[in-house]
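Have the sequence and the model open as you read.

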Amino acid sequence: MTQALIYDHVRTPRGKGRADGKLHEITPIQLATQALDAVRGRSSLDTALVDDVILGCVMPVGEQGCNIARVAALNADYAVTVPGQQLNRFCASGLEAVNLAAALVDAKQAQAVVAGGVESMSRVPIASDGGACYTDPAVNWKTWYIPQGIGADLIATQDGYGREDVDAFAVESQRRAAWSWAQGCFDRSIVPVKDVLGQVVLARDEHLRPGTGLADLAKLKPAFAEAGDRNGYDAVALYRYPRVESIQHVHTGGNSSGIVDGAAAVLVGNKAFGRRAGLKPRARIRGFASIGSEPAIMLTGPVPCTEKLLKRTRMSIEDIDLFEVNEAFAAVVMRFMRHFDIPHDRVNVNGGAIALGHPLGATGAMILGTVLDELERRDLGTALITLCAAAGMATATIIERI
Amino acid sequence: MNDMSAACLKTIRFELDADGIALITIDVPGRPMNVLTPDLEADLAAAISCIAAGASIKGVVITSGKANGFIAGADLKDLVTAYGRDTAQQAYARSEKLSSLYRRLESCGKPVAAAINGLALGGGLELCLACHFRVLSDDPRAVLGLPEVKVGLLPGAGGTQRLPRLIGIANALPLMLGGEPVAPQQALKLGMVHALAPPAQLLDSARQWILGGPKPEQPWDVKGFRVPGGAGCLAPHATESFQAGTSRLARSTQRNYPAPLAIASAVFEGTLVPIDVGLRIESKYFAKLLIDPVARNLMRTMFINKNAADKLVRRPPGVARSAVRKLGVLGAGMMGAGIAHVAALAGIEVVLLDATQEQADKGKARSADLLARELQKGRTTQDRIDTALGRIVCTTDYGQLTGCDLVVEAVFENRDVKHAVTQKAAAVLGPHALFASNTSTLPITGLAASFPREEQFIGVHFFSPVERMPLVEVIRGAKTSDATLARTLDFVAQLRKTPIVVNDSPGFFTSRVFGTFVDEGMAMLAEGVEPALIENAARMAGMPVGPLAICDEVTIELQLKVHQQALADGLPERFQRLTAIEVVKKMVELGRIGRRGGAGFYEYPAGGGKRLWAGLGEVFPVRPLQPDAEQLKRRFLFIQALESARCVEENVIADPMDADLGSILGIGFPSWTGGTLSLIETVGVDAFFSDCRRLARHHGARFLPSPALIQRGKANVLYYQEAA
């Protein structure tokens with residue numbers, strides 16, 4: 001058990017990550033700044049007490065480059081003594097930032113850290129940073145690179161999830177997200193994003209499609225079938241997983257995570273910080289872990305990462321009340337539920353990234369906040385948050401209310 | 001010329017004209033085509049030094065003294081010797097030597113033009129790329145290409161560096177990865193050459209360029225140079241070139257051929273740095289390939305030995321060259337019609353005979369269909385079609401065979417039927433005529449007894465479909481004469497196919513070896529290996545089709561028939577195809593005889609597409625613990641190699657090249673291995689036979705090498721050493 005406590009968290013709404021998305025006009029530094037600003041404002045925080053700002057960002061180039069965390073702290077008028085660092089654990093970055101903050105606090109090398117993440121996918125698109133793992137032929141070869149979507153289809157093929165199964169999962173994600181908005185589940189943490197005139201440009205998640213049904217999703221074409229065939233990815237997948245006869249392409253834009261813009265921030269500190277800042281902790285970070293998994297299929301890390309973390313915290317899966325398993329693709333969460341034999345009604349109860357979107361660097365911090373709010377709303381104790389990450393990784397965190 | 005004595009140049013002529021233009025004419029003596037020999041490299045080095053130093057020399061034109069081409073590339077017979085002898089450093093030094101020579105040429109301070117008067121391939125094109133100006137003959141035969149990938153190498157004298165810098169990575173990569181040459185018009189369009197000119201005006205065009213006083217500088221040596229279209233991870237084409245591109249390479253090579261990946265790496269890494277650094281990177285990747293067995297295997301089997309076989313190296317000496325003018329084909333089924341088809345295209349008059357006129361006509365109609373398709377694709381003309389079809393006479397009358405130089409029978413695999421047609425044909429054939437059987441299973445020596453002149457009887461085993469398969473397995477019966485063999489090989493050469501020569505034995509060479517592949521797959525099934533894993537592992541080894549799929553194609557029933565025939569003929573156990581006979585019997589008993597029967601190891605849904613039969617798991621229960629694909633790959637390759645070793649031991653194979661070529665060209669054994677016997681040398685003779693003994697402990701006595709083979713392993717006797 002760590003001595004790291006969660007005092008507050010905020011997130012922006014998630015805007016469609018396209019040119020017609022409401023947040024497209026907002027720079028990523030503005031998204032991060034407004035999240036940091038809100039953390040300070042809500043708690044009347046003296047930022048001089050903050051030892052670091054750690055933000056996940058997966059495309060740290062261009063306007064997201066050059067250590068966006070430090071620059072956002074400066075831009076948000078944090079005390080000049082507050083340093084900042086950007087980190088990249090791919091899709092788990094936002095959660096890893098919180099974990100790193102917890103580690104610093106628990107190691108007594110920091111009293112308070114603002115951790116979170118930012119990603120404007122509409123402005124700095126996926127693949128903006130290149131990377132040896134995709135385009136260096138020798139590395140691509142060595143790691144049997146196949147795109148994530150093919151990895152997700154491979155998981156579905158191995159587990160026998162058909163198109164209707166993954167679509168049904170997506171319909172439920174949409175239903176839960178819409179219901180959660182209607183019930184006000186997100187109200188407590190949402191920080192509307194404002195433009196330079198101070199007007200709100202987005203106050204609610206923009207990506208979800210309430211009322212989506214199976215018939216709607218059935219119309220969508222598999223997203224990765226053509227590339228799998230044309231670019232040889234399916235063949236590589238079979239060479240890597242030769243027990244599979246052929247890849248069943250079941251994932252579509254409708255049952256995969258949405259491309260969105262957004263930012264999140266979580267205030268982590270020790271007990272003494274809380275006293276000094278006059279804040280009451282909401283939860284404790286009980287433990288955390290990251291793990292590497294086979295990189296070609298890429299998305300199977302959440303299960304072993306969760307097992308590693310449960311072992312480390314000497315807990316069992318039954319000790320967890322609610323789960324947030326990032327909905328990178330439907331099959332990722334379905335495999336997790338099947339492996340641990342946990343019912344869907346304890347997993348992603350407010351909907352997930354299929355409905356709400358997945359702003360890469362920020363999602364981990366966002367879903368940690370969402371499940372904390374839900375624990376309080378339901379008056380439950382413990383939650384586990386986990387995300388799969390590119391190149392075969394995953395990160396997980398267990399929090400418990402105080 | 002200045003300080004260089006023309007007398008010491010062996011491969012080039014060096015002339016300086018009144019304008020100060022030096023003309024270098026490459027003409028390697030004793031070679032039909034210019035190739036990059038050590039002498040030529042030395043002469044070029046001397047010439048470049050002279051040019052750089054010669055104050056009176058204003059510019060240089062390089063051309064070829066051969067009418068048929070510029071330079072055809074490297075000397076493979078030399079390169080093939082590097083494997084097993086050279087260290088990585090030595091291989092690097094070899095590559096770096098030629099590469100730096102070309103670099104000296106392009107930075108010699110004088111403008112250099114290439115007057116490319118014919119095909120320029122590999123090191124030949126690379127020389128041209130190191131010139132400042134390239135004018136190419138507008139003759140369609142004057143193709144340009146970097147085919148090194150086909151022999152397991154990369155374009156190592158700057159090819160991977162200069163071509164992308166010249167025409168962009170997106171254009172250059174496919175040329176180097178595919179290895180296909182481009183015609184002059186295409187070369188001009190891509191920017192590989194500056195101009196085209198009629199052959200007679202090539203030199204003049206090059207001279208004119210020099211007289212224009214150009215700057216002797218390559219684009220990539222100009223400050224601020226950028227690779228057209230960009231380089232590296234973030235180039236707009238990077239996803240296509242390097243991400244999808246690499247996956248496609250993995251697919252097409254099953255990750256067994258290192259050269260394409262090395263080319264992609266040399267281009268990716270080398271185009272981000274100045275050319276001198278890029279050339280260094282390229283030479284290192286070249287060195288890795290040169291000392292890798294795959295390059296040796298491809299060079300030795302697919303080029304050196306294939307060329308030798310095509311030139312009939314196995315033809316007995318002292319027999320006059322012959323040609324078949326009139327051919328008889330008995331049986332107008334798939335094989336007979338195919339043989340008639342290729343023979344007619346080769347200019348041979350064909351009598352296509354079957355039991356009914358309708359069947360005979362059907363055989364010719366198949367030929368007409370094939371040619372019509374070629375016409376649609378623009379690969380032939382109606383005239384040529386008419387001529388070829390005009391050469392095929394369909395009949396039921398044996399009398400028409402009169403005057404045939406050779407008769408090939410391609411009737412049912414049934415001794416009685418074969419006996420009958422052989423005798424009928426023999427009755428009308430002249431004493432000079434040869435008789436060949438296209439059987440794939442029945443021993444030749446036995447069939448020969450039906451023919452009055454047994455020494456003129458031989459086996460010619462064609463592969464299906466005949467028009468596409470490059471191999472003919474020529475089988476010598478016990479009494480087949482040298483003259484018959486020689487004339488048969490002449491016939492194979494007439495058809496432009498590659499012959500191998502084997503001695504008579506049940507299944508000869510190819511069918512016998514292929515049987516072990518199919519049986520191994522079915523044995524795995526019986527062991528409880530998952531069907532998909534079996535099929536994928538075979539493809540990963542490089543076999544074109546999985547054993548269960550191919551079994552379905554030729555029918556599982558056929559496997560049973562081969563077994564029963566072997567029993568009926570009283571063949572020894574090892575020829576009875578016992579390895580997987582229980583699987584065969586079970587499938588036939590279930591009525592799943594293969595694709596022809598609508599069901600086999602696969603199911604064939606009405607809507608098309610096929611998938612492994614879901615019920616297989618019930619018939620052959622799957623083991624909970626599955627083996628590695630690597631283990632299965634090894635079994636597939638080793639069992640075929642071991643059977644080939646037995647063929648050598650039993651003198652079915654007399655020359656290792658016959659086994660290597662036969663296995664690759666006939667039954668789809670993967671070329672990266674160099675063939676079944678080269679595989680043993682690649683693994684290491686001792687390691688191979690030791691491993692076979694280990695496999696025998698786990699999977700059965702079929703993997704057990706004979707004492708003689710174990711001895712060969714211990715003594716490490718290479719097949720090719722022995723042959724040499």
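How far apart do the C-alpha centres of domain 2 of chain B and domain 3 of chain B lie? They lie 30 Å apart.

## Basis

This is a predicted model: local features need pLDDT of at least 70, side-chain atom pairs count only at pLDDT 80 or more, and totals for chains, interfaces and linings use all residues. Residues are numbered from 1 along each chain as its sequence is written, while chains are lettered from A and ligands numbered from 1 in the order in which they are written.

## Domains of chain B

Chain B is divided into domain 1 (6–291), domain 2 (326–504) and domain 3 (511–651 + 655–723). These bounds come from an automatic or database domain assignment.

Domain 2 of chain B puts 11 residues into its contact with domain 3 of chain B, which puts in 8 residues. Two residues are in contact if their C-beta atoms, placed from the backbone, lie within 7 Å. On the domain 2 side, strands S16 (471–476) and S17 (498–503) of chain B each supply at least two residues. S17(B) gives the most, with 5 residues.

## Overall build

Chain B has 30 helices and 19 strands. Helices (H or I, at least four residues) and strands (E, at least two) are DSSP runs, numbered from the N terminus. The radius of gyration of chain B is 29 Å, close to the 27 Å that the globule rule gives for 724 residues, so chain B is as compact as a globular protein of that length. That radius is taken over C-alpha atoms; the rule is 2.2 Å times the number of residues to the power 0.38.

Buried residues make up 53% of the 724 residues in chain B. Buried means that 20 or more other C-beta atoms, placed from the backbone, lie within 10 Å of the residue's own.

## The side facing chain A

In chain B, 27 residues are in contact with 21 residues of chain A. Helix H9 (238–253) of chain B gives the most to this side. Its share is 9 residues.

## Helix H9 of chain B

H9(B) bends by about 40 degrees at B:Gly245. The bend is the angle between axes fitted to the seven residues ending there and the seven starting there. B:Gly245 is itself buried, as are B:Phe242 and B:Leu249.

The buried residues of H9(B) pack against elements of both chains, including helix H4 (132–135) of chain A and helix H6 (169–178) of chain B. After H9(B) comes B:Gln254, with a positive phi near 50 degrees.

Conventions:
Buried ≥ 20, exposed ≤ 12 C-beta atoms within 10 Å, placed from the backbone.
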